Amino acid sequence: GSLIAFSGAILTKIMCDAMNRDIFNVLFGGINTVAPVKGQDTGPKEHVETSVAAVAELLANAREVLVVPGYGMAMARAQGAMGEVANVCRANKINLKFGVHPVAGRMPGQMNVLLAEAGVPHEWVLEMDEVNPDMESNDVVLVVGANDVVNSAAQELEGCAIWGMPVIEVWRAKKVIFCKRSMGGGYADLDNPVFYKENTDMLLGDAKKTADALAAKVRERLERV
C-alpha cells in the first residue's frame, strides 16, 4: 500500500509540473472556483472542414509533418493506422515525426506506449520541448484526438482553466489539421481557439475510421508518384 501511495504521489507531481500547477494548490486549493477569463471572444465563430482526400494530398506534398496524438487516438485505437501513415511518409522522404505532450492521454507515457505498440521507432517520437522551437518549419501538423494539450487558450485567455499550462504550439505551423470526433472541448471543457484560426482545417469523424481511410489514401496517393 505504501508503494502504491508513493507511486501515485510521484505521478501527481509529474503531472502538476507538466501542467505548470503547484502541487499544494492542486491538493488543498479551492474546489469548483473559476477565475474570470480576460479577452474571451464570445462572438460567432466559424471553422473550416476538410476531407480525407484533401489531407492526404497535403501530406503527399509536404516535407515536414508533425503528428500530435491524444486521448482520442487511444480511445479509438487508431495508433496502428497512424503508424502506417508514418511508415508510408517516411518511405517517400517525408519527414514525419510524432510530438507527445507530457500529460497527453490519461497518464504520462501513454502515447509513447501506444506508438511503440504500433511499431513506431522511438527516434520518430519527440517531446513537447523538442518540437515547439521548430514548429514554423512544419508544413502540416496533424492533431489526432488531442485538444487541451494543443489549446492556445493556455496562452491567449488569461484566467481560463488551463492558463499558463505548457502546450504544443501547433498553431505556429504552416497548416494544422484536427482529426477529432466533434467540435467539443477536451477534458477541461474549453473551446479551442486554434479550431478557428486561418491555417486550421477540421477533419471530423471517428478517429479510427478516419485514420484508416487516411492511411489508405496517403498510400494510394504516394504510389502514384
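Me: What should I know about the model before starting?
Reply: The model is predicted, so local features need pLDDT of at least 70 and side-chain atom pairs count only at pLDDT 80 or more, while totals for chains, interfaces and linings use all residues. Residues are numbered from 1 along each chain as its sequence is written, and side-chain values use heavy atoms, with hydrogens and water left out.

Me: How many salt bridges are there?
Reply: The count is 12. A salt bridge here is a side-chain nitrogen of Lys or Arg within 4 Å of a carboxyl oxygen of Asp or Glu.

Me: Why would such side chains pair at all?
Reply: Side chains of opposite charge can pair when their charged atoms come close.

Me: Which residue does glutamate 57 form a salt bridge with?
Reply: Arginine 221, with the closest N and O atoms 2.9 Å apart. Glutamate 57 is in helix 3 (residues 52-60) and arginine 221 is in helix 9 (residues 207-223), so the pair ties together parts that are 164 residues apart in sequence. Helices are DSSP runs of H or I with at least four residues, strands are runs of E with at least two, and both are numbered from the N terminus.

Me: Is arginine 221 buried or exposed?
Reply: Arginine 221 counts as buried, at 14% relative accessibility. Glutamate 57 is partly exposed at 33%. Buried means under 20% relative accessible area, exposed means over 50%, and partly exposed is in between (1.4 Å probe, protein chains only).

Me: New topic. Where is aspartate 201?
Reply: Aspartate 201 sits in strand 6, residues 200-204. Its relative accessibility is 12%, so aspartate 201 counts as buried.

Me: What is aspartate 201 in contact with, leaving aside neighbours within four places in sequence?
Reply: Val48, Thr50, Lys175, Val176, Ile177 and Phe178. Contact means heavy atoms within 4.5 Å.

Me: Which residue forms a salt bridge with aspartate 201?
Reply: Lysine 175 does, and the closest N and O atoms are 3.1 Å apart. Lysine 175 lies in the loop between helix 8 and strand 5, so its pairing with aspartate 201 in strand 6 ties together parts that are 26 residues apart in sequence. Lysine 175 and aspartate 201 are both buried.

Me: And which residues do shared partners join into one network?
Reply: Glu136, Glu169 and Arg172.

Me: How far apart are the closest N and O atoms of glutamate 136 and arginine 172?
Reply: They are 2.8 Å apart, in a salt bridge. Glutamate 136 is partly exposed at 43%, and arginine 172 is partly exposed at 23%.
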